[in-house]
Amino acid sequence: MPLAAPALLRHRQALWRGLPTLLPLAVLGMGVAVAPQYIGAQSTSATNIALIFSCSPILVALLEAIIWRKPLSPLRAAGLALALGGVLVVLTRGDAWALARLAFGQGDLWVLLAATG
């Protein structure tokens with residue numbers, strides 16, 4: 001707050017005017033993208049959270065393709081696959097069998113909701 005206060009005071013009129021738009025976005029941001037992550041973290045592992053959140057760029061690309069009909073270029077698809085592969089190598093420390101030992105549960109669904117949000 002000490003760093004943001006001067007800017008907030010300087011732009012307070014614009015913020016008040018934008019409150020009808022900003023408030024729903026803030027509630028959605030907290031309610032859809034953050035709160036489910038904390039709920040899910042109570043019953044899933046940090047590894048599963050990292051795996052699910054590493055899929056966020058893929059989820060965004062899929063949602064763009066489905067909702068806005070934005071085509072997924074081969075170069076972008078290759079970049080997403082390479083990034084996900086890198087995350088998997090780091091998380092499993094190069095042990096492919098570690099992926100087979102992963103278990104998913106209710107907490108993972110909450111984290112997936114947050115990642116999609």
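Trainee: Is Asp108 buried or exposed?

Mentor: Happy to start there, with a note on the model itself. This is a predicted model, where local features need pLDDT of at least 70, side-chain atom pairs count only at pLDDT 80 or more, and totals for chains, interfaces and linings use all residues. Residues are numbered from 1 along each chain as its sequence is written, and side-chain values use heavy atoms, with hydrogens and water left out. Buried means under 20% relative accessible area, exposed over 50%, and partly exposed in between (1.4 Å probe, protein chains only). Asp108 has a relative accessibility of 5%, so Asp108 counts as buried.

Trainee: Which side chain does a polar contact of 2.4 Å join to that of Asp108?

Mentor: A polar contact is a pair of N or O atoms within 3.5 Å; within protein, one must be able to donate a hydrogen and the other to accept it, and residues adjacent in sequence count only if both atoms are side-chain atoms. Asp108 sits in helix H7 (residues 106–116), and its side chain also has a polar contact of 3.2 Å with that of Asn48. The 2.4 Å contact joins Asp108 to Thr44.

Trainee: What is the relative accessible area of Asn48?

Mentor: Asn48 belongs to helix H3 (residues 46–54); helices (H or I, at least four residues) and strands (E, at least two) are DSSP runs, numbered from the N terminus. Asn48 is buried, and its relative accessible area is 2%.

Trainee: How many salt bridges does a search of the whole structure find?

Mentor: A salt bridge is a side-chain nitrogen of Lys or Arg within 4 Å of a carboxyl oxygen of Asp or Glu. Glu64 pairs with Lys70 (4.0 Å, N to O), and Arg76 forms a salt bridge with Glu64 at 3.0 Å between the closest N and O atoms. For the whole structure, the count is two.

Trainee: How many residues apart in sequence are the parts that Arg76 and Glu64 tie together?

Mentor: Glu64 is buried at 18%, whereas Arg76 is partly exposed at 30%. Arg76 lies in helix H5 (residues 74–92) and Glu64 in helix H4 (residues 56–67), so the parts tied together are apart in sequence by 12 residues.

Trainee: Which helix has the highest mean pLDDT among the elements of the chain?

Mentor: pLDDT is the predictor's confidence in each residue, from 0 to 100. The chain has a mean of 86, and 98% of its residues reach 70 or more. Helix H6 (residues 97–100) has the lowest mean among the elements, 77, while the highest, 94, belongs to helix H1 (residues 5–10).
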